[in-house]
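Subject: Structure handover

Hi,

Here is the structure I promised to pass on. Please open it beside this email and follow along as you read.

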Amino acid sequence: MSEAQSPSYRDRRKPRREFDSRTAYLEHELSVMAPRRWRINLPFRDYRFELEDLVPALAATIGKIVMVAAVVAAFAGPLGLGNEFVVENVRFEMLIAALLFVILFSGLINPNANLAGTHGPMIPLIPLIVASGGHPLALGLMVGMFGLILSISKGGSKLMALTSDGVRGGLLIYLGAMGLLSQIKALNAWATGIDMGHVAFTVILSTIIMYALLARLEMRWLSIPLGSGLAFLIAILLGAPFEFVTEPGMPHLSPSYWWGETTGWQMGWPQLHHFVSVAPFAVLAVAMWSPDFMGQRVFQELNYPKKADKVLMNVDDTMGVASVRQAVGSVLGGGNLASSWGTYIIPAAIAKRPIPAGAMLTGLFCVIAALWGYPMDLAVWDPVLRVALIVGVFMPLLEAGMQMTRNTTSSQSAGIVVFASAFVNPVFGWSMTMLLDNLGLIGDKERGKKLRLMDRWVIPGITFAVLLVIMAMVGMLPGIPALMTIS
């Protein structure tokens, strides 16, 4: 039956009253949706808004403010730019993301493409990029170009298909555990810094109890608003200092301002040598997308019903949108490094909601936060921020990884991923373990025997070798000095 003759979403969906539980209704919604890739999708015709859509939208807005601020600040510090620049550029980036991409692409044109977010793993490398003579616009354009090549060639989905459940599970466990520990450490450091260590202890203890109760009641989708609100109330009641300082306003919108010699970035437009300097970092940034995107897609698969395959995130489409968003955002003057929006898709999967409705709300929330200003202060306050990331991203990642590593073969591969990731980083751990796993040296040996020669060692071997060389060039291998000389 052709698409034109197939029953529409409105014809197939049933009202909430026909289901015994809210979960059954939400899973039915996921099963009957059929998003139109690269065609117009309209609210109420192709999807509906539900209360649960507020959860990923809220989490995504908090995550966006924090992550973009971290990226822009990492550029601003070495360049000698102040906090005022960071705040204004973050506001500008949120408007770019919301109006040009989140609402337009994920909400209307391609609901199978996850929102284009921020590339957190690249933050530690930004000072090195600046020191090597890199230019933010040159880096953004190169990432956009390499990302489009990977998207058009369907390289992202190919690498995902070559990654076994054990390798995926191990990657999720590592990312979840490291993220969880880092957030607890950051909250403790904040509380110690204001000489109120008991605030962090009380907030974390309350969060553990709340999360356990919500898991028992099968209402984890409420963990972000409840957890963040509870953390805010507890910290305020215990006397932790908080004030609103970011006032309402509109950022500069002109690219000529942002790329001026004495305004914005104060760097002017990039020259050829800037592109040469950032090329290895751009390749590495795009290479880091595959394990990141893969983990998010797997999380959807674990939380959605089996019949909901039509609403799953399309890895290649997401890479394509993220690439265009990166290039356009950089040309306009933004400092963001794009990736798939993890603080959106993971809470959305927990809430059993598809991408588009929450994307529309996320765009709205980002515009409000950028123009109003005050919500930005609340989102970056440590108790609110840390708890939102713990219950909305890192705990779910940890749990999903454990679900995927229940047998001996998968747990063996997962252990090697964690080991190798802890030794260097998750990109090294994923690419190396994928090669070993496909060769049949670890994990399911029968799986390796069934793979074609190209899939068994050629593609994984080339992937690992290329990434190893790039990481050696930029100094990411422990004990080995960077091979690329910084002038």
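Start with R91, which is buried yet has no salt bridge. The nearest side chain of opposite charge belongs to E88, and E88 is 7.5 Å away. A salt bridge needs a side-chain nitrogen of Lys or Arg within 4 Å of a carboxyl oxygen of Asp or Glu. Keep in mind that this is a predicted model. R91 sits in helix α4, residues 83-109.

The structure holds 18 salt bridges. Here are some of them.

E27 pairs with K352 in a salt bridge, and their closest N and O atoms are 3.2 Å apart. Where do the two partners lie? E27 is in helix α2 (residues 22-32), while K352 is in the loop between α15 (342-350) and α16 (355-372). The pair therefore ties together parts that are 325 residues apart in sequence. E27 is partly exposed, at 26% relative accessibility. K352 is buried, at 16%.

D46 has a salt bridge with R45, and here the closest N and O atoms are 2.8 Å apart. D46 is buried, with a relative accessible area of 7%. R45 counts as partly exposed, at 27% relative accessibility.

E50 forms a salt bridge with R48. Their closest N and O atoms are 3.9 Å apart. E50 is buried at 12% relative accessibility, and R48 is partly exposed at 29%. Both belong to a network of salt bridges that links R22, R48, E50 and E52.

Next, helix α9, residues 197-216. This helix has 20 residues. From its first C-alpha to its last, α9 reaches 29 Å, close to the 28 Å expected at 1.5 Å a residue. Which residues of α9 are buried? They are V199, A200, V203, I204, S206, T207, M210, Y211 and L214. Seen down the axis of α9, these buried residues fall within an arc of 170°, so they line one face of the helix. An α-helix has 3.6 residues a turn, so residues three or four places apart point the same way.

What do the buried residues of α9 pack against? Their partners are α8 (165-193), α10 (223-237) and α18 (382-403). The face turned away from the buried side carries the exposed residues F201, I208, L213 and R216. Just after α9 comes E218, which takes a positive phi of about 55°.

On to the core. The largest nonpolar core has 148 residues. Which members touch the most other members? They are F85, M122, L139, L284, Y344, W430 and M471. Helix α18 gives the most to this core, with 13 residues.

Look at F85 up close. Not counting residues up to four places away in sequence, F85 touches V72, A76, W258, G264 and W265. Follow A76 from there. A76 lies in helix α3, residues 54-79. A76 is buried, with a relative accessible area of 1%. Again leaving out residues up to four places away in sequence, A76 touches L81, F85 and V86. A76 and I126 are 50 residues apart in sequence, and their C-alpha atoms are 9.8 Å apart in space.

Last stop: H135. Is H135 buried or exposed? H135 counts as buried, at 0% relative accessibility. H135 is in the loop between α5 (126-131) and α6 (136-152). Its contacts, apart from neighbours within four places in sequence, are W259, M267, G268, W269, P270, H274 and V278. For a sense of distance, take H135 and V367. They are 232 residues apart in sequence and 27 Å apart in space, C-alpha to C-alpha.

If you go back to one spot, pick R91: buried, and without a salt bridge.

Best wishes

Note on methods: Residues are numbered from 1 along each chain as its sequence is written. This is a predicted model: local features need pLDDT of at least 70, side-chain atom pairs count only at pLDDT 80 or more; totals for chains, interfaces and linings use all residues. Side-chain values use heavy atoms; hydrogens and water are left out. Helices (H or I, at least four residues) and strands (E, at least two) are DSSP runs, numbered from the N terminus. Buried means under 20% relative accessible area, exposed over 50%, partly exposed in between (1.4 Å probe, protein chains only). Lys and Arg count as positive and Asp and Glu as negative; His and the chain ends are not counted. The expected span of a helix is 1.5 Å times one less than its number of residues. The arc is that of the directions from the helix axis to the C-beta atoms. Contact means heavy atoms within 4.5 Å. A nonpolar core is a set of buried Ala, Val, Leu, Ile, Met, Phe, Trp, Tyr and Cys residues joined through side-chain atoms within 4.5 Å.
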